[in-house]
Every structure is written in C-alpha cells, then in structure tokens.
Amino acid sequence: MKHRGRHRRRRRGRALRATLAGTALALTAAATMISTSQATDADDPGALKPLTGAADTAPLRLTEHAVPGAELDRLSASMGPAVGVGAVLADPDGTLEDADDCTDDDRRALPVEPAVTTAYCWPERDTDGWRAGAVTTSGDADEDGRWGAHRVVLSGWTRSSGTPAEQGLARIAFVAADDDRTPRYTWALLAVPVDGGRDFRGLGSDVSGMVWYQDKLLVTAGRGEGDALYVYDLDRVQRATVDARAVGRVPGGWSAAGARYVLPAVASYATAGADAPRPGGIALDRGSAPHGLVVHEATAPDEEGPTRLWRYAFGPRPGHGPLLRTEPVAVYETKLTRVRGVLAHRSDWYVSRATGAPEERGTLWRQDTKGASPVRCGADETYRCWSGPATSLSYWQATGDVWSQSGRMLFALPLAAVDEALER
C-alpha cells in the first residue's frame, strides 16, 4: 500500500508540473516588469543579524497561563466525554478535491518554482467566507509522521465574513491524508473556556501559525486576544450537540458555529507587555536539541521592517510541566518585510514573503548568518516564484516534504527541491 501511494504521488507530481508550465510561461512574460519594481530588501536582504542584547530578548520572554484542570473537567462533564483525533477522523464532514479537478483560479495559488508534488483544493461550499491560515501535520507531532494509524494534516481557517460575532472566529480541519484514499476532513472550532468552565467562547484570531507537538497544538493569536499563543490538548476534543451559528452554551446544548467538534484551550502564553513582538508564524524544528519552536514576528502589511525571527526550546515534561521554556534561545533580525512563513532546518532559515497586492506572487528565501539566497524562476530569474497568499511552512521530517496552504489549495513539495531551486 505504501509503494502504491508513492507511485500515485509521483504521477500526481508530473501532472501538476505540466499544469503549472503555462503559469510559469505567463510569469516569464511579465518577469521584466516585476523585477524592476522589486523592493530593495527583496533584492538581497543579506545575512541574518543575531540579536543578543537584553532590550531585544527580554520582550520575547513568555509567561504561561494554564486553564485550571477543574474548569476543563467541568466543561467536559457538561458537554460529554472528550474524544481524540481518531474519533474525529472517523467522522468526516467532506473530502478534498484532487488538484486535477480544481479550478484554474485555485491552481494559480500554487508556486511556480519549485513544482508541487501533492496538491488538493478545498470545496468552495465549505470554505466560503473563511480565510485559509496555517498548516501543521502529524509529522510535527511524532517522529514517525503518524498519529496512530493515520497521516494527518491540520489546516487552520479564520472567518472573514458574517455577523460581527462570527468574524474572526478560528477553526481547524483534521485531514486524514493517508495514501490509500482521497483526504477526508472534519471541522473543529477553536475555543477558550470561560465562566469557570461553564461555557466557552470562540478564539478570535487569524490562524497565521500552528504547530502540533506531541499531544498539544500551539496556535498563534492576534492582538485582540491579549495572549500570544494558545495551547490545545488533542485528547480533549469535545462534541457540539446543537447545529447553530452561535458559539457556546445554547438552549438544548452546545453550539460551535456550525462545526460538530470543539477544541477548548488548556493554556496560553503571553509575551512581555502589550508592545512586545508577537508571533506571526511558527514552525517546529526537530533538528535542534531540544526541539525548538521557531517564530517570525507578526508585522503590519505596510511595515517597512526589519523583521525579527526567534526560537524557543520545548521543555522536558516528565511531570507534565510547561510545554515551552519561556526564554528565547536565539533571536535574529532579517531585512525582509511582509514575512508570512518560517522554517528552520539545521543552520538555515527559510522565509516566505508577500510582495504586495494579493494577486502578485511571493518570494521564498533561505537565510543564515552568512547570507541569503532566493528561489528564482522565469527567463530573467525573477524572485516572484512562490505563492502570494501562502501563510505558513511546515516540514514533515519523515517524508522530507514542506506543506503549505494558499487560497483554497493545500500542497506539499520536497525540501530538497527548494534547496535545488535556491542553488541554481
């Protein structure tokens, strides 16, 4: 079964490369105009600059706030027994569509270079009014890349329309990405317990960063939430009992804005003060010892930069202590602006960047403390080869693939292909 799955993915990769060839030609035709308008920081951001002073590191110190166990137990007692990932996957809401069946408009969100090898699109009926956000996988959760018997992708979304109460709600899709069938997905609303565990509210945030580490899910939060990161326990998924647009306790049971499952937060992390840098995107670095959480700074679209990148270490948890060590272990500065995704692998940092209008393609860079290299494409080797709206990067170590999401496209490509494109 595994061999058959690999062959199917190779065929899909060849088909996707052929589909993108026309897009690449169109990009090449426009490359001259694009390259002359690139900002200075896109031409060569140079090396990462280490920041070691207390003024740079102290604001990034985290403070953990755990939701009391009694409150979580009270909520579970009211809503019914919690379930795990396996139960959620066994109860799907729908299936993703293979890239060959996606619209041309959807496929335009895919990178031109490197070519993707796996891609799916989300059905419009299930994502209309929602904005795609971050991705993480069971490759983050466990070294063998599976959660139980399944390969799983978690896909984050934020409500972008609807009533004022609905706008900004955050949800995730549990996607069973096994080799033997079309990926199936199930929605769960991200929530925060309130009133001592007698109710919950929706997490109001752009889901710009997510990492699944062991049995916990870390999610970035916007400034309106106060805290910078929220923590969810994937063994504490609750069932909604009422299908309604409301969130929380309602007459007759519990509602999750149309989702059939709810994830209540079990903890949160705050940075040092309202004006402290906040995480915009996060990723797991399994290559560091201990494993690390790498972060890029959240910045406004019109901010001129520079942008900070930093790393927290995951802590040993023999007695289930804090998930993260609260002091940053490394802080850097990049001249790149409008950063939308970050990865760290060995000594390299991979940074995706938006380049202006939503219809314009983004750029993908590899940086370290010695220099920087961009992915290039087209006849004049323009840098604008990546997906413009791509929101995060997640490395699946067991397969060597990088996963991301752009518009309604969920896609993956080998990290080795990224490195090859960078070294041309």
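Predicted model: local features only at pLDDT ≥ 70, side-chain atom pairs only at ≥ 80, totals over all residues.
**View 1. The cis peptide bond between glutamate 113 and proline 114**. The bond from glutamate 113 to proline 114 is cis, and its omega is near -5°. Proline 114 sits in the loop that runs between helix H7 (104–107) and strand E5 (118–121). Most residues other than glycine have a negative phi, and most peptide bonds are trans.

**View 2. The cis peptide bond between alanine 289 and proline 290**. Omega is near -5° for the bond leading from alanine 289 to proline 290, which is cis. Proline 290 belongs to the loop between strand E18 (279–285) and strand E19 (292–297).

**View 3. Arginine 338, a residue with positive phi**. Phi is about 50° at arginine 338, although this residue is not a glycine. The loop that holds arginine 338 lies between strand E21 (330–334) and strand E22 (339–345). Arginine 338 has a relative accessible area of 18%. The cut-off for buried is under 20%, so arginine 338 counts as buried.

**View 4. Arginine 346, a residue with positive phi**. Arginine 346 is not a glycine, yet its phi is positive, at about 60°. The residue is placed in the loop between E22 and strand E23 (348–353).

Note on methods:
Residues numbered from 1 in each chain as written. Heavy atoms only, no water. Helix = DSSP H or I, 4+ residues; strand = E, 2+ residues; numbered from the N terminus. Buried < 20%, exposed > 50% of the residue type's maximum accessible area, 1.4 Å probe, protein only.
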